[in-house]
Amino acid sequence: DQLQFNFIGYADKVVSVTGSTMNVVMNPDAAALDEVVVVAYGIAKKESFTGSATTVDVADLQLVNSDNITKSLEGLSSGVQITSGSGQPGESATIRIRGVGSVNASSDPLIVVDGFPFGGNINSIPSENIESMTVLKDAAAKSLYGSRAANGVIIITTKKGKAGTSNINFKAVVGVSDRAIPEYDVMGVSQYYETFWQRMFNENDDPEGGVDGAQYATDNLISQLGGYNAYNVPNGSVVGTDGKVNPSAALLWGDNWHDEAFQTGIRQEYDLSASGGTDKYQYYIGGNYLDSDGIVKASNFKRYSARVNVNAQVNNWFKVNFGANVSTSDQNFPNSEGTAYSNIFMWTRNIAPIFPVYQYELDGKPILDENGGKTFDYGAAAGRARPYGSNGNPLGTIALDTRWNKRDILSTRGGLEIAFLPELKLALNTSVDYNLVSSLVHQNRNFGDAASFNGRSTRDDGRNFTFNTNQILKYNKTLGSSNNIGVLAGHESYMFKYNMISATRTGFVVPGFVELDGATTPEGSSSYEDNVRMESYFGQVEYDYDSKYFVKASLRRDGSSRFHPDTRWGTFWSASASWRISEESFMEADWLNNLKLKASYGTSGNDRVGYYAYAELWSFKPNNSNNGLFIDRLATPELSWEKSGEFNVGLDGRMFDRLSFTLEYYSKDTYDLLFEKPLAPSSGNSTVDSNIGSLNNTGFEFEIAFDIFNGDFDWTIGVNGSMNKNKFTELSEPEGITVGSKRYEIGKSVYEFYLQDWAGVNPDTGEPQWWMNELDESGNETGNRVKTSDYGSADRYFVGSSLPDFRGGITSRMEFAGFDFTVLASYSMGGKVFDYSYAGLMDAADIGNNYHVDMANAWTPTNTNTDVPVLNSAISKDFNSRSTRFLRDASYFALNNVTLGYTLPKSVLSSIGVQGFRIYVTGDNLAISSSFRGLDPRQSISGMPGNNYTPIRTISGGLNINF
């Protein structure tokens, strides 16, 4: 009397037999394993897939209101490390898949959009355009892409129309943004005066020489600080001889650099699309507008984009498809990196609070312009001479300077498919990506870094053109009832051309002109063209028996123009197998829904080291009044592919219709590293590119999803995590190579810190101390360590890697009575980060540089139990130099997104012709818990963040309407 219906990807349904015919409606099973996975040059059933890949939940990806989808990936896939880099709207994140796979060549993954490597900027693709995103991680999944897949692959498939449906979708999101990371605990006006007074006392107190340090510091405090007296008392009585600010003093100005510099940004995004089709024709067309303000004035990203995808089944043997995306964007960006005074993040963090934003008379009266507005203080007004950033004020120059990027992108994909037989199909596909970037950096003529030569402008125009075409023949055949075979053979051609022109002029006569024609003096110009070509042949064979045993093998041969004709061809391959244990008769169990064991090994390559990696390159330079040439790069005709071999073993399963899991172990060896080998200075070149050294990445990953409740109330929690160990296994210099704060050595990671080891403060003298190796009378090391106050004598030690020990993400999704509530979080445990910004705030030598509040705990004769040396520029001149004093734990827990939404019932909407209506509120980048206030350990893979644009937190409200 009953029939049970089941189908891959759909929930089982039992229906009572009431007549001769039945209409059975089956619902997709949200808890079931994904039925297909997007892979290289096609798709694969999840059950038959033998490689390692993560299908990112696009619904989660689209919850995050990011200007660049790379930043939305954090925590959504095991084995993927995301560092936010700059918080400037529109900027990309850095992505690493399964560790760091190279040293001098690129470690970035290959990004594939609709079947082809993407040649544009990823910020041109709105998240609403994305249908699916898959991260390919092991050799079996990625080696068919060969040379470009050594560091993993991210495959993005954009939305297409579906047969039998017609939809119009509208999305609107509006929100406000502020800074997500709090500022360091820096000093206020009174505390700064008292701390600087203490420094002056320490440096000048000399009872034997007849100098009273307290009186000297009191009398000369203000003059030492350039005449900036922020109080309404005479200069000689701001701080008394007791080292305390005069209790009768009142502030003459209340300027706050942070309040003046940072703003609440407005972010708004609108997306409109229409899709639909029949069995023969499907279409998707959509447009997107984004306007995202940064948290700094003159910081903004604005984008207009449109996409169209069309598929047509012309007849039963011929199918065509075409897709295009056009995007234009404007990005205004203030300087937000490095140590230049024009970097507004460095300036506002480091300038002492006694210096005002605006000009004031000595009595505190504002100095106004002819319109009655405040005038900016550039450090030399009203008889003052600011010792910090003379003639600079980025809050004033931000309106006078210009920094913008304009980017136009056209990306097309097209192809046709011919079915010679139901089992035999030929696909011919082509892609074109055109990316034009224009940028202008103008520094005004009156203030700041370019004032000495009356302003400067630099114009850069870059164009890259990518052409890709492939021809793929596929044969799939079922033999009998249990044997399935698939064969793929293909050829691919790739061409990349980049043209660049740049020019700089100085000497602007009229204020307000920013283009080069407004200047009188050429400073420099250049132009060049880069070309890369690649020719590839590839094939794949796969077989499965009885949907239980699966094997696959692939082979690819790539020829790259980056290498010499004798060495440019590389061959890469993979072999993999899987076993669906749950399908065996001996594993029949009601509680076990699926269990699959898989293993693979394969190779891939990396050629991304330079456009002309084998050639001898020369530069033209003037030599007095003559033209000259010098060798810029030595010829390396023997240079060839950086190669990697990767083993992967994993277990996929689902139990109790509730718990899904994936467990994987991998070991990846990268050898013939594209490495800059050091040369003797007498050679005229400091390095030469070589294939030397080997690197190993070993790790473990897991992904778990648990359906806590199913029914009227749905609640699913997902957790993923990964552990990666990175180390050199071979080097050209076995004794090691020191590179800045790191050292390459066999058995150590790529980002192993090699620093002086902080030994604290000498309680008797207040001097800083570091560890050094003890030497005997013959100058040999004894094996013991002793303390030294001479930074130059301190030894360097391995003190930990910037790479985390363990990292991952957490997702929680709830649905009840039309409400949905989602939480996305990420975490990282272990690893080190050098707190460069904090070190800058602990500088006792500079005058006018602000201090961290920790400086108030500096050593004095009555405060000897401290970790802050005496404030004395002669004694403590090195105590904020690089050492383990500023090395911190890089662990963190970040709340990436929280979304609460409500979808109106269909019964309410049907009367007005609306299929769906959802309103929601969402928060992005809400909070982070880390080892130290002000520090964001996510900003740098190498563990060396600087005074960069801080990440942005956004609170938004939105609505989705489906007609």
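Helix α4 has as its buried residues Gly-213, Ala-214, Ala-217, Thr-218, Leu-221 and Ile-222. Buried stands for under 20% relative accessible area, exposed for over 50%, and partly exposed for what lies in between, with a 1.4 Å probe and protein chains only. Viewed down the axis of α4, the buried residues fall within an arc of 140°, so they line one face of the helix; the arc is taken from the directions that run from the helix axis to the C-beta atoms. An α-helix has 3.6 residues a turn, so residues three or four places apart point the same way.

This is a predicted model, in which local features need pLDDT of at least 70 and side-chain atom pairs count only at pLDDT 80 or more, while totals for chains, interfaces and linings use all residues. Residues are numbered from 1 along each chain as its sequence is written, and side-chain values use heavy atoms, with hydrogens and water left out.

Helices (H or I, at least four residues) and strands (E, at least two) are DSSP runs numbered from the N terminus. The expected span of a helix is 1.5 Å times one less than its number of residues. Helix α4 (residues 213–224) spans only 14 Å between its end C-alpha atoms, whereas a straight helix of 12 residues would span 16 Å. Helix α3 has 16 residues and reaches 23 Å from first C-alpha to last, close to the expected 22 Å.

The buried residues of α4 pack against α3 (189–204), and those of α3 pack against α4; contact here means heavy atoms within 4.5 Å. In α3, the buried residues are Val-189, Tyr-192, Tyr-193, Thr-195, Phe-196, Trp-197, Arg-199, Met-200 and Asn-202.

At the start of α4, a side-chain oxygen of Asp-212 comes to within 3.1 Å of the backbone nitrogen of Ala-214. Just after α4, Gly-226 has a positive phi of about 80°.

## Strand pairing

Two strands pair if DSSP finds at least two bridges between them. Strand β12 (residues 166–179) is joined to strand β13 (residues 265–277) by 12 bridges, and the two run antiparallel. Val-174 has Gln-268 in β13 as its bridge partner. Strand β12 is also joined, by 11 bridges, to strand β46 (residues 952–962), again antiparallel. There, Asn-169 has Asn-962 in β46 as its bridge partner.

An open sheet of five strands has the order β5-β10-β11-β8-β9 and mixed pairing. Strands β5 (53–56) and β9 (116–117) stand at the edges with a single partner strand each, so one side of each is left without a neighbour in the sheet. Two bridges join β8 (residues 110–113) to β9 in antiparallel fashion, and Val-112 stands opposite Pro-117 in β9.

## Aromatic pairs

Rings of Phe, Tyr and Trp (its six-membered ring) pair if their centres lie within 6.5 Å; planes under 30 degrees apart count as stacked, over 60 as edge-to-face and the rest as tilted. By this rule the count comes to 42 aromatic pairs. Two stacked pairs are set out below.

| Pair | Centre to centre | Angle between planes |
|---|---|---|
| Tyr-537 and Trp-569 | 6.4 Å | 25° |
| Phe-806 and Tyr-827 | 6.2 Å | 25° |

Tyr-537 lies in strand β21 (residues 519–545) and Trp-569 in strand β23 (residues 569–580), so the pair ties together parts that are 32 residues apart in sequence. Tyr-537 is partly exposed at 44% relative accessible area, and Trp-569 is partly exposed at 35%. In the other pair, Phe-806 lies in strand β40 (residues 806–816) and Tyr-827 in strand β41 (residues 819–829), 21 residues apart. Tyr-827 is buried, with 11% relative accessibility. One aromatic cluster is formed by Tyr-184, Phe-834, Tyr-838, Phe-886 and Phe-932.

Asp-433 is in strand β18 (residues 424–443) and is buried, with a relative accessible area of 1%. The Asp-433 side chain reaches the backbone nitrogen of Gly-119 at 2.8 Å. Not counting residues up to four places away in sequence, Asp-433 touches residues including Pro-117, Gly-119, Leu-410, Arg-413 and Phe-465.

Gly-539 is in strand β21. The C-alpha atoms of Gly-539 and Leu-488 are separated by 5.3 Å, although the two residues are 51 residues apart along the chain. Leaving aside neighbours within four places in sequence, Gly-539 is in contact with Leu-144, Leu-488, Ala-489, Ala-553, Ser-554 and Leu-555.

Methods
Polar contact = N/O pair within 3.5 Å; in protein donor to acceptor, adjacent residues only side chain to side chain.
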